[in-house]
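Open the structure in your viewer and keep the sequence panel beside it. Each stop below tells you what to select and what is there.

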Amino acid sequence: AVQERQADVDALETMLAEVRELYNEKYPLDHVDAAGVEVGEDDDGLMWVEYEGQGLSAEQRLEKMLSEVKSLYNEKYPLDHVDADDQEVGADEDGLLWVKYSGRGAPVTQASLEEKLREVKSLYNKK
């Protein structure tokens, strides 16, 4: 009888491990068995997850949020990257925003200007 009971307990533990694994696959941000994580339910039936640990400092949280905002800005305005090394962003006394680009572009030559002129004429003539 003891062996049968132990077999039943082992089978239940195996099924519980399978359910936990399926849950963790479906909800990857809520790992049930993660160290320092406790899952519970309050009196109203609302499920909650408590995380224990040091977490990020206030400065680290702000840097992370700033990085996320910069990333979203760069996605929305791909020609105006916030942290590009070759540009500086500022404002003058009147509040007018400006962008200063530095570095070396392609050298302007007579041939490159003539090529651009031919391209513009061609586009104009298609119209």
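The tour starts with the whole chain and then goes stop by stop.

**Whole chain**

Remember throughout that this is a predicted model. Color by secondary structure. Now color by relative accessibility. Of the 127 residues in the protein, 5% are buried.

**Stop 1: helix α1**

Select residues 2-26, which form helix α1. Glu4 is found in this helix. Show the side chains of Glu4, Asp8, Asp10 and Glu13. Together these four form a negative surface patch. Is Glu4 buried or exposed? Glu4 counts as exposed, because its relative accessibility of 58% is over the 50% cut-off.

**Stop 2**

Select residues 37-41 for strand β1 and residues 47-51 for strand β2. The two strands pair in the antiparallel sense, over 5 bridges. Pick out two of the partners. Val37 has Tyr51 of β2 as its bridge partner. Glu38 is partnered by Glu50, also in β2.

Next, go to the residues between the strands. There are 5 of them in this hairpin. Which residue here takes a positive phi? Click on Gly45: its phi is positive, near 90 degrees.

**Stop 3: a nonpolar patch on the hairpin**

Stay where you are and show Val39, Met47, Val49 and Tyr51 with their surface. These residues make a nonpolar surface patch of about 370 Å². Which strand gives the most to the patch? Strand β2 does, with 3 residues. Val39 is found in strand β1. Val39 has a relative accessible area of 39%, so Val39 is partly exposed, lying between the 20% and 50% cut-offs.

**Stop 4**

Move on to residues 87-91, strand β3, and residues 97-101, strand β4. They run antiparallel and are joined by 5 bridges. Select Gln87 and look across to β4. What is the bridge partner of Gln87 there? The partner is Tyr101.

Then step into the hairpin, which has 5 residues between the strands. Stop at Gly95. Gly95 takes a positive phi near 90 degrees.

**Stop 5: helix α3**

Select residues 110-126, which make up helix α3. Show the side chains of Glu115 and Arg118. How many salt bridges does the structure hold? The count is 1. Glu115 and Arg118 meet in a salt bridge, with an N to O distance of 3.0 Å. Their spacing in the helix is 3 residues, so about one helical turn separates Glu115 from Arg118.

Check how open each partner is. Glu115 is partly exposed, at 41% relative accessible area. Arg118 is partly exposed too, at 49%.

Methods:
Residues numbered from 1 in each chain as written. Predicted model: local features only at pLDDT ≥ 70, side-chain atom pairs only at ≥ 80, totals over all residues. Heavy atoms only, no water. Patch = residues over 30% accessible without salt bridge, like charges linked within 9 Å, V, L, I, M, F, W, Y side chains within 5 Å. Areas by Shrake-Rupley, 256 points an atom, 1.4 Å probe, with all protein chains shown as cover. Lys, Arg positive; Asp, Glu negative; His and termini not counted. Charge placed at Lys NZ, Arg CZ, Asp CG, Glu CD. Helix = DSSP H or I, 4+ residues; strand = E, 2+ residues; numbered from the N terminus. Buried < 20%, exposed > 50% of the residue type's maximum accessible area, 1.4 Å probe, protein only. Pairing = 2+ DSSP bridges.
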